[in-house]
Amino acid sequence: MKLSKTNYLVYRDCAHNAWVKVHKPEVYRAEPLSVFEQAIIEIGNDVDVRARQLFPGGILIRRGDAVGTAQLVAERAQILYQPVFETERYTTACDILVWNGTSGAYDLYEVKASTSGDDRKAKDDLYAHDIAFQALVLRENGVPLGRLHLVRLNGDYVSDGTLDIDRLFTREDFTDRATPLFETVASEMDAAHDLIQLAALPAPPCTCIYKGRSSQCTTFAYINPEVPDYSVHDLTRIGTSPKKLKALVNDGILAITDVPADFDLSLPQRHQVEAAQRRRPYVDLAPLEAFLSEIRYPIAFLDYETFPCALPRFAGYGPFNHVPFQFSMHVVTEPDGEPIHREFLYTDTDCPDQPFIDALKRAIPAEGSVIVWNKPFERGINAKLAERQPHEQAFLDNVNGRIIDLMDVFSAQMVVHPGFHGKTSIKWVLPALVPRLSYKGLAIQEGATASETWNKIVTGELEPAEASEAARNLLTYCGLDSLAMLEIWRALLAIVAAREIREAG
Ligand code: SF4
């Protein structure tokens, strides 16, 4: 069995996971690709295709056609897209190979659908290994190899309404980063190749048994069937206390309900364990009351939906800037008052910025609190809108100044419910606090699907009847997001009221 570049990169993250990917694909991919994962693949493909315009006139190689590639390389074809190379043990496809007449060698261009963001160092290391893998396979194929380049999206690029391909991408010479890795990568490739030939899962066991939930991959449950769904790995911030987690696991304490009363935990972790053991919520009344007392009427519960566009579509946008295309708002002027629902969805193909702001101005009360879930998101969208539409800066600053993040109640552990399973996402909080409301059964159940649905509408991928239904589904989904916040807020008021009555009694 040949080792592909993708499987080599998975191996570098985790040998167990690479083995499961190859031998148990049904476990590795137990769920069909999520809309988010599909979108990432499609974004990568779009960016690859667009980057070819940097080197026009090339020959696109058919998927898997190593023989055709070899023939064209032997003929010194000038530019090849997606050339495929194989050796006895390895297989890889490159993005772009360009014949350099001056050096008498092929220059390699690896295209990445990413910008050089905050995690640049980690990404660059990964890309250098990725390029080194390709270079070694090409070298074994006898391809004369020149410089090794990385092509990625330019995070500083701002579109004027058209795409300037030369400015949209950066080309970086990675030769001096990838070449020193050749020896290491060659031995890793050997080890990875040998590992995937094994008929059984390699020992020692999965090391993520000693890591928090966020470090674990999708095969954790398969490799560790004895770990329950809600386990000590879900303890808040346990990933930063590996000694504690190790002590629990080594003592065979896996279920969160089995953590002993005398085990050394932080206060939030202890509240989480006690809530699970008693099967009732823990409430930190004083900070919860203080939080709720900050909220001013009229209250607007506000949720945005956006589309992160890798290739800027409109003037003022850069790579991966979010296009705000929808909002839903529920407004109340008293706790039990009938909410007024306002919503906006833009399905025309031009830029929605100004229509979005205009609709927001019409919908949002001039004063009072604006409640969101995870405020950096809505605030960030407003800030970007203000950058692109500076004449709206005062309005958008005013909205941002009134934003209160309802998620703070849960991330600050003012309320800990056993049904949250240590999570603070609205998708976990809502069914625990407001069981009559649920995302289950909706055609759209999360933001990535909403984004992709909108994209399909505006790019004409859907027939008119499908597009109308998709728009209705978007309105239902976003409408539930803002209603969910309203009902969670009401549930919090009820919790406080019940506690006050109990304490008074
Ligand atoms: S859970 Fe961790 S150690 Fe286990 S297979 Fe996944 S990445 Fe590897």
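From which domains does the shell around the ligand draw at least three residues each? Domain 1 (3-197) and domain 2 (207-279) both qualify. This is a predicted model, and the sections below start from that shell.

## The ligand shell

Ten names make up the surroundings of the ligand: Cys 14, His 16, Asn 17, Cys 206, Thr 207, Cys 208, Cys 217, Thr 219, Phe 220 and Ile 223. Two elements give two or more residues to this shell, α2 (15-23) and α10 (220-223).

Charged residues are absent from the shell. By class, six of its residues are nonpolar and four are polar.

## Overall build

The protein chain holds 20 helices and 16 strands. Its C-alpha trace spans about 90 × 60 × 40 Å along the principal axes. The chain has 505 residues, and 50% of them count as buried.

## Aromatic pairs

A search of the whole structure turns up 17 aromatic pairs. One of them joins Tyr 90 and Phe 133. The ring centres are 6.1 Å apart and the planes stand at 75°, so this pair is edge-to-face. Tyr 90 belongs to strand β5 (residues 90-93), and Phe 133 belongs to helix α6 (residues 120-140). The pair therefore ties together parts that lie 43 residues apart in sequence. Tyr 90 and Phe 133 are both buried.

Phe 325 and Trp 454 make another pair, with a contrasting geometry: their ring centres are 4.8 Å apart and their planes are at 10°, so the pair is stacked. Phe 325 comes from strand β12 (residues 321-332) and Trp 454 from helix α19 (residues 447-458). This pair ties together parts 129 residues apart in sequence. Phe 325 is buried, as is Trp 454. Elsewhere, ring pairs link Tyr 304, Phe 327, Phe 344, Tyr 346 and Phe 356 into a cluster.

## Charges over rings

The charged end of Arg 177 is placed over the ring of Phe 174, at 4.3 Å from the ring centre. Lys 427 lies over the face of Tyr 439, and here the distance to the ring centre is 4.5 Å.

The side chain of Asp 130 is joined to that of Lys 5 by a polar contact of 2.9 Å.

Glu 392 occupies the loop between α15 (375-388) and α16 (393-402). Is Glu 392 buried or exposed? At 5% relative accessibility, Glu 392 counts as buried. Its side chain makes a polar contact of 2.6 Å with the side chain of Lys 361.

Glu 446 is found in the loop between α18 (426-433) and α19. With 32% relative accessibility, Glu 446 counts as partly exposed. What separates Glu 446 from Tyr 477 in sequence and in space? They are 31 residues apart in sequence, and their C-alpha atoms are 7.9 Å apart.

## Backbone points to check by eye

Which peptide bond is cis, with omega near -10°? The bond from Tyr 297 to Pro 298 is. Pro 298 sits in the loop between α13 (285-293) and β11 (299-309).

Two residues other than glycine have positive phi values. For Gln 82, phi is near 55°. Gln 82 lies in the loop between β3 (79-81) and β4 (84-86). Its relative accessible area is 21%, so Gln 82 is partly exposed; the buried class ends under 20%.

Arg 237 has a phi of about 55°. Its place is the loop between α10 and α11 (242-250). Helix α10 is also one of the elements that give two or more residues to the shell around the ligand. At 65% relative accessibility, Arg 237 counts as exposed.

Key:
Residues are numbered from 1 along each chain as its sequence is written. This is a predicted model: local features need pLDDT of at least 70, side-chain atom pairs count only at pLDDT 80 or more; totals for chains, interfaces and linings use all residues. Side-chain values use heavy atoms; hydrogens and water are left out. A residue is near a molecule or strand if one of its heavy atoms lies within 4 Å of it. Helices (H or I, at least four residues) and strands (E, at least two) are DSSP runs, numbered from the N terminus. Ala, Val, Leu, Ile, Met, Phe, Trp, Tyr, Cys and Pro count as nonpolar, Asp, Glu, Lys and Arg as charged, and the others, Gly among them, as polar. Domain bounds come from an automatic or database domain assignment. Rings of Phe, Tyr and Trp (its six-membered ring) pair if their centres lie within 6.5 Å; planes under 30 degrees apart count as stacked, over 60 as edge-to-face and the rest as tilted. Buried means under 20% relative accessible area, exposed over 50%, partly exposed in between (1.4 Å probe, protein chains only). A charge sits over a ring if NZ of Lys or CZ of Arg is within 6 Å of the ring centre and within 35 degrees of the ring normal. A polar contact is a pair of N or O atoms within 3.5 Å; within protein, one must be able to donate a hydrogen and the other to accept it, and residues adjacent in sequence count only if both atoms are side-chain atoms.
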